[in-house]
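Student: Hey, could you walk me through this one? I'm new here and would like to take it piece by piece.
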Amino acid sequence: MKNMGNAVRWPRQPDRSNPKRDNTQWCEYHADHGHTTANCKTVAKHDNHVEEPAKPIPKRVINVITGGSEISGISYSAARRHERVSVNPETCSSQPPAGDYTDQVISFIDNEATTLINPHHDALVISLLVANYKIKRILVDNGSSTNVLFLNVLKEMKIDESNIRRCATVLVGFSGEQKFTIGDIALPVYAGGINLNVNFAMLDSPSAYNMILGRPWIHKMRAVPSTFHQVVRFPTKWGIKEIKGE
């Protein structure tokens, strides 16, 4: 215990006048009787503490927007087949361990949005680190059954197209508009200390956004997005994290 030095805050000397103290048990951390060092809750809390990793430094910022319509509400069965087919040992997204985030409450307060221009009907658009590039204009869309990345953004990221797994599928929006993908690709997406390998359907078409994060990413992150509050919140080992809309 002494080797812990200044890594922990040592407690003040306790009041030894408590007659209920079990003098047969000794805690080296508290330097007192009553419980053993092995059963000390303070020591256990220190041992289980994990520092949040430092946020990676992006190579560059991707601002590419080529215009075009929104592609949301992707619900065609081919999109769901895309998610099943694209899972393999090399590209499978690692889900956060279930035991790490227990009993955490994600909540919103009704007056949180007072700093926004109300009323508003804005979509939730954020920026994230993807493959060490800061990507702006990312739509978080729980109406989309797949994640989407546009080819012109991949080119701006200097990622070779040979990394795309060629497997065309059809995505259909609410308006019935059909888009054929050129394949899929797996890229790491960093958010709040969590780095997930995420599968994206690749589209070669104009868009109002650089990327769409749909339910696959939202559910793997156990995230709760709120367009009204313009924020997405999710549990981590270091508590509830949030990413605000832009």
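Student: In which sense do E4 and strand E5 pair, and over how many bridges?
Tutor: E4 and E5 (residues 133–140) pair in the antiparallel sense over five bridges. Strands here are DSSP runs of at least two residues, numbered from the N terminus, and two strands pair if DSSP finds at least two bridges between them. Before we go on: this is a predicted model, where local features need pLDDT of at least 70 and side-chain atom pairs count only at pLDDT 80 or more, while totals for chains, interfaces and linings use all residues. Residues are numbered from 1 along each chain as its sequence is written, and side-chain values use heavy atoms, with hydrogens and water left out.

Student: Which residue is the bridge partner of Leu129 in E9?
Tutor: That's Tyr190. E4 and E9 (residues 183–191) pair in the antiparallel sense over two bridges.

Student: Is Ser127 buried or exposed?
Tutor: Ser127 counts as buried because its relative accessibility is 13%; buried means under 20% relative accessible area, exposed over 50%, and partly exposed in between, using a 1.4 Å probe and protein chains only. Ser127 lies in E4 (residues 125–130), and six of the six residues of E4 are buried.

Student: What does the side chain of Ser127 make a polar contact with?
Tutor: The side chain of Glu246, at 2.3 Å. A polar contact is a pair of N or O atoms within 3.5 Å; within protein, one must be able to donate a hydrogen and the other to accept it, and residues adjacent in sequence count only if both atoms are side-chain atoms.

Student: Switching topic: which residues touch the most other members of the largest nonpolar core?
Tutor: Met157 and Leu187, out of 45 residues in that core. Strand E10 (residues 194–203) gives the largest share, seven residues. A nonpolar core is a set of buried Ala, Val, Leu, Ile, Met, Phe, Trp, Tyr and Cys residues joined through side-chain atoms within 4.5 Å.

Student: And why is strand E13 largely enclosed?
Tutor: Because six of the six residues of E13 (residues 231–236) are buried. E13 also pairs with E14 (residues 239–244) in the antiparallel sense over six bridges, and Val231 stands opposite Lys244 in E14.

Conventions
Helix = DSSP H or I, 4+ residues; strand = E, 2+ residues; numbered from the N terminus.
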